[in-house]
Amino acid sequence: MSPFLTEVSDDISQMTTTKAITGEYVVKPVEPSDLSRAIDIWSLSFGFMDRDRWTTFYDSFLDTAMGAYTDDYLVAVVGIANFQMWLGEQLVPCAGVSAVAADPAHRRKGLIRRCLTACLQESHRKRVPLTALWPFSYPFYQRMGYEVTDMQYHVELDLRALPDVGDATRYKRHHLDHYDPLKPIHENWIKQSNLSIKRGDLQWRRLLSHPERLVCGFKHDDGYILWNIKDRVNRTLEVFEWAWNTREAFFDGLALLKRMDDLNFDKVKFKMSSLDPLLELGITDPQPNIVLKPGLMTRVLHTGAFIEAIGKNIPPFLIDDPLGVSESHESLKAHNGVRQFSPGEVVQVATDFFSEKPDGVPEGLYRSVATRKNYSVEFF
Ligand SMILES: CC(C)(COP(=O)(O)OP(=O)(O)OC[C@H]1O[C@@H](n2cnc3c(N)ncnc32)[C@H](O)[C@@H]1OP(=O)(O)O)[C@@H](O)C(=O)NCCC(=O)NCCS
């Protein structure tokens, strides 16, 4: 190429940084050379500016990243982290959707929908039965076929109101650079719930080194408590993970928390899948503040793999997937009176989400994998 031509193309590339982008959008895997651009989009969209943490996230955590490009300029990203999720008695693959973000200049053009579809198509080719995510907005992902699949109690209690029912000394301070002893407790804990996600070392390290937390851990023979002492402004101790595998581990933990009624804290907040052990205590004064909030969103991805994982004869049913990725189960003609399910509704009706059978759900599908309560704690 002549020096003259090089000069011209350099000029053009400088001009393109300010001129309006006019090209069509193309959705394709994010090129490793575009990582810096992806980090620009993520850090602006999520407000975490630590570029090293984003680089590690991309290199080690994400298994797939699809991007929307215009004129070779990356403007939207959707990532997938592959997990193992409990479904009944077994762990099955689950595509965890993460790092969903678009450049503000290119939002509201359907690009996230296209990137997510491309990600799910790839996981579908690998026969992944389920996909899950933590939404910023439930309706946004409902329009993409996901449904909420667990409900979580957010409990806030005045520390003085806690009855002294357990033995605080059974919890011992545990330094978290050695988190190995917590792992079997965590595994036993999540195994008690349907749709819970298995945690690997990478996720442990990310959880314990979260930039917005100063983590303090206590370990019991049958549980552990992780709390965040960074934000003392509201005088509320944030227990961001509390695993208890026996009733005693819950009561002993309450005794420990009660003793945090000190210079810094008046209240404690934590999450529960069931209120039963708390209601037993009849706390009335001051009254607990308990809010029921939606948790994880899940949907079927590869329907055949999902049915195989259930391991039972399931009658045919129709899926109407807004992203066009997941197929119906066996051939069944759509006609009046036959209900069509969104891929998320299939997970809701097959698990323990509903305690009454919604209209039009085939008997064999309803609660076909519902021996455990749905509850998921893993954040991604
Ligand atoms: C949320 C975000 C990714 C959406 O990006 P986007 O490119 O506008 O998304 P799309 O255009 O593909 O939107 C798909 C649909 O949702 C709608 N939508 C977009 N943003 C929305 C919002 N904030 N609230 C509700 N609906 C929204 C779109 O209109 C579109 O609807 P349609 O398919 O019926 O036309 C973007 O606003 C963002 O990066 N936000 C900051 C980071 C964030 O919150 N990420 C999500 C983490 S779960």
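Arg 199 lies over the face of Trp 204, at 4.5 Å from the ring centre; a charge is taken to sit over a ring if NZ of Lys or CZ of Arg is within 6 Å of the ring centre and within 35 degrees of the ring normal. Arg 213 is likewise placed over the face of Phe 240, at 3.9 Å from the ring centre. The model is a predicted one, in which local features need pLDDT of at least 70 and side-chain atom pairs count only at pLDDT 80 or more, while totals for chains, interfaces and linings use all residues. Residues are numbered from 1 along each chain as its sequence is written, and side-chain values use heavy atoms, with hydrogens and water left out.

The structure holds 22 aromatic pairs. Rings of Phe, Tyr and Trp (its six-membered ring) pair if their centres lie within 6.5 Å; planes under 30 degrees apart count as stacked, over 60 as edge-to-face and the rest as tilted. The pair of Phe 218 and Trp 227 is tilted, because the ring centres are 5.1 Å apart and the planes stand at 40 degrees. Trp 242 and Trp 244 form an edge-to-face pair, 4.9 Å centre to centre with 70 degrees between the planes. Ring pairs also link Trp 42, Phe 46, Trp 54, Phe 57, Phe 61, Phe 83 and Phe 380 into a cluster.

Trp 42 belongs as well to the largest nonpolar core, of 47 residues, where Trp 42, Leu 130 and Phe 306 touch the most other members. Such a core is a set of buried Ala, Val, Leu, Ile, Met, Phe, Trp, Tyr and Cys residues joined through side-chain atoms within 4.5 Å. Beyond its neighbours within four places in sequence, Phe 306 is in contact (heavy atoms within 4.5 Å) with residues including Leu 87, Leu 130 and Val 346.

Leu 130 lies in strand E5 (130-133); helices (H or I, at least four residues) and strands (E, at least two) are DSSP runs, numbered from the N terminus. Leu 130 and Ala 132 point one way from E5, Thr 131 and Leu 133 the other way, and all are buried. E4 and E5 run parallel, joined by 3 bridges; two strands pair if DSSP finds at least two bridges between them. Leu 130 is the bridge partner of Cys 94. E5 also pairs with strand E14 (residues 297-300) in the antiparallel sense over 4 bridges, and Thr 131 stands opposite Arg 299 in E14.

Definitions and conventions: Buried means under 20% relative accessible area, exposed over 50%, partly exposed in between (1.4 Å probe, protein chains only).
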